[in-house]
Amino acid sequence: MFLGVSIIADRFMASIEVITSQERQITIKKPNGEKITTTVRIWNETVSNLTLMALGSSAPEILLSVVEVCGHNFNAGQLGPNTIVGSAAFNMFVIIGLCVSVIPEGETRKVKHLRVFFVTATWSVFAYIWLYLILAVFSPGVVEIWEGLVTLFFFPICVGFAYVADRRLLFYKYMHKRYRAGKHKGMIIETEGEPELPSKVDIEMDGKMLNSDGGDTGFDFKELDEEEARREVARILKELKQKHPEKEMEQLMELANYQVLSQQQKSRAFYRCQATRIMTGAGNILKKHAADQAKRATQHDICSEVSVNDFSSKVFFDPGTYQCLENCGTVALNVVRHGGALTSTVSVDYRTEDGTANAGSDYQFTEGTIVFKPGETEKELRIDITDDDIFEEDEHFLVHLSNVTVISQGAGSDEREANHVDALASLGLPCSATVTIFDDDHAGIFTFEEPAVTVSESVGVIEVKVIRTSGARGVVMVPYKTMQGTAKGGGEDFEDTHGVLEFENDEIFKTIQINIIDDEEYEKNKNFFLEIGEPQLLEMSERKGGGVAFPCYEGGEEVLTKKEEEERRIAEMGRPMLGEHIKLEVVIEESYEFKSTVDKLLKKTNLALVIGTNSWREQFVEAITVSSCDDDDDECGEEKLPSCFDYVMHFLTVFWKILFALVPPTDYFNGWACFVVSISVIGILTAFIGDLASHFGCTVGLKDSVTAVVFVALGTSVPDTFASKVSATQDQYADASIGNVTGSNAVNVFLGIGVAWSIAAVYHYSKGEEFKVDPGTLAFSVTLFTIFAFICIAVLIYRRRPEIGGELGGPRVPKILTTCLFFSLWLMYIVFSSLEAYCHVKGF
């Protein structure tokens, strides 16, 4: 029965993980006006831990108490309340003691959210003090309605206090964090609050202004570390590629996915599900998920796109732009036929059209027809270019194709078919060509084609073209160099490049090569600049008009005749100069393939996807499948066979697995359908457990109070024990293993006792009776637990001293002593509670 409760509780915790993992999109407006969209969790971590997470962890104990009261005609029983106290003792002493000892040698774990821990620890002790007060002080032996309701209302008050501590609301926002030396040697004391900022910073989120003064934002800015998460994934992927160069991308993605999931901070629900599935032979869910997602991420659908016009021949220019010098004589344009049947004869008309160049003075007007014979795919047409001795800007004209027709095979060359939409030939793109005529009477204007260019980090080498317009006369030298921007040179992001381009006579472009460094790190776009310097003319002998020497007399000014001045003016007009774009911005963006891989991995690291299910089929397949629960991280990429223990646990639990596979998948209604059905089934099972425990006690001669604190509490806490052990070793903080124990203990009383006793008190009041509860054994157990809990919490706080370093782990001797102390406290609690139940020790 306990195994059955563990498995349905696993489904319950999976639904809670899905519910608390829900996200919403928000828009952040930074002080510089930039807007970014990101996703944040709807549920606050502390609130979810104390409400749904604690409810999931303590559901069997809480429901056992409620079911027992309702099943005994609303009279108090011994099993439910003593199970709650016994479970709290087991959690506080055995689980925490075990977590202290399982930390690897030389490592420690500290509570991260210390304020929340203090709040939950205080409430967990107060809950049992309050339980003693209502049993033995306020109205001994009788529980009144107000006592039950106040106990129940303490639950939202506890959650509210923890939320205030987590969000640093109220007085926290007026305090600043400082550190000072304590009175005792070696003790460092931290005071709460945020450090002062140099100036007030306002950030707008969804139209609401947030400021650095710590106002009531209700928003955790740590959740904005999405870019940091991407960089971490990229770093892991890069390290794995270096460590395993022989592995394929699918294997590397599986390893990276598993490593990211392992390092990610996890919730109590995740650890509970992980422990339950390992314990029942369902395997390590992290490894299974990583392997499945890696396979899916590397599968790409290959679709062939077939155009509706594949049976039609396309006629077009290839390429669509041409450049020529003014003195070239003729320019050749390439016309191609692509696709369709090449057995037919196709003709196309062409005609020139003026742009900035004029027919007659700059080029010869041309028109005509090109005929593609069967089998021909390319044709060349030539247009005459007119040369002159006048300086002028670069000019262009157009050449258009039109009237594509198919000449029938059986007819003469003059018989043609009209071209319709469904004809066998048509115009393709580009059907117009642009011809640019560069003036060769000028040394040229040198510029980049565009002011900015974007390249992928994985391109390796980028080629940048420097073009020479408005002339190409003479040999010209153009210096160039790279300059750093946000991208760093020296081989970090790109290799520094400098030199001189030498343009020969009539040469109209040169290319510069720059090496781009691919560091395979997920980062924002970076930029650097490439700049060209003042061009220098080396040769003017071929310039029309000849080179001009300008006489200069030492100690005096130049003496020029009018003719020389005119020649100089003409020569200066023909000197090389810089154009519009002399500084090129090169933007380096992350490699698309690498970025895509990182993004895919990041999307698959949502823990709700790991433990959730999306179909009944998936649940039944998991129910009948045995998987290895090996926790060896070194070879996580290799699938291992299940062990004998895995098979034994699987066959012991296969009935419950198949039965509870009928529970709705967690994807339905965002997990709420699974939540409602699971908690209902847990209630039914706990009713059976209560009866079985009572019968067991009668059979072996044990009282219900002893059966509860020894056997029932132990059975319901086994999954929590495994979960806390896993979280203590895998998580870098102690919150999941310690903090949630204290919160769960408080919730046990507030819900388990509060709900059950409130219902019973109201029922008896309606009957004109009192709800009577024997305070004897329960009050003694509560008092004993409270005293031991103070000792336990004091020891944990002391362990934060520098010589030990944290609540969990630490040096070998303190670790062993702490574990032995906590185990001894639990044994003493069991022994004294049992002796009091049999009147060997005097109680209340």
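Helices and strands here are DSSP runs, numbered from the N terminus. With that in hand, take Pro-430: this proline sits in the loop between strand 17 (425-427) and strand 18 (432-438). Keep in mind that everything below comes from a predicted model.

**Two cis prolines**

What joins Leu-429 to Pro-430? A cis peptide bond does, with omega at about 0°. There's another cis bond to look at, between Asp-318 and Pro-319, where omega is about 5°. Pro-319 is also a loop residue, placed between strand 9 (313-317) and strand 10 (321-325).

| Cis bond | Omega | Loop holding the proline |
|---|---|---|
| Asp-318 to Pro-319 | about 5° | strand 9 (313-317) to strand 10 (321-325) |
| Leu-429 to Pro-430 | about 0° | strand 17 (425-427) to strand 18 (432-438) |

**Two phenylalanines with positive phi**

Phe-74 isn't a glycine, yet its phi is positive, near 60°. You'll find Phe-74 in the loop that runs between helix 2 (45-71) and helix 3 (79-102).

Is the side of the story for Phe-669 buried or exposed? Its relative accessibility is 67%, and the cut-off for exposed is over 50%, so Phe-669 counts as exposed.

**The cores**

On to the inside of the protein. The largest nonpolar core has 98 residues, and those with the most contacts inside it include Phe-93, Tyr-128, Phe-750, Trp-757 and Tyr-829. Apart from that core lies another one, of 26 residues, with Phe-317, Phe-372, Ala-425 and Val-435 among them.

Which residues does Trp-757 touch? Leaving out anything up to four places away in sequence, its partners are Val-69, Pro-81, Leu-131, Ile-134, Leu-135, Val-143, Phe-771, Val-773 and Leu-778.

**Helix 16 against helix 19**

Two packed helices are described by the angle between their axes and the distance between the axes. For helix 16 (residues 704-730) and helix 19 (residues 812-837), the axes come within 9 Å and cross at roughly 170°.

Who meets whom? From helix 16 come Ser-705, Val-706, Val-709 and Val-710, and they meet Tyr-829, Ile-830, Ser-834 and Ala-837 of helix 19. By type, the residues of this contact divide into 6 nonpolar, 2 polar and no charged. Tyr-829 turns up here as well as among the residues with the most contacts inside the largest core.

Note on methods: Residues are numbered from 1 along each chain as its sequence is written. This is a predicted model: local features need pLDDT of at least 70, side-chain atom pairs count only at pLDDT 80 or more; totals for chains, interfaces and linings use all residues. Side-chain values use heavy atoms; hydrogens and water are left out. A nonpolar core is a set of buried Ala, Val, Leu, Ile, Met, Phe, Trp, Tyr and Cys residues joined through side-chain atoms within 4.5 Å. Buried means under 20% relative accessible area, exposed over 50%, partly exposed in between (1.4 Å probe, protein chains only). Contact means heavy atoms within 4.5 Å. Helices (H or I, at least four residues) and strands (E, at least two) are DSSP runs, numbered from the N terminus. Axes are lines fitted to C-alpha atoms, for helices over the stretch in contact, and angles run from 0 to 180 degrees between N-to-C directions. Ala, Val, Leu, Ile, Met, Phe, Trp, Tyr, Cys and Pro count as nonpolar, Asp, Glu, Lys and Arg as charged, and the others, Gly among them, as polar.
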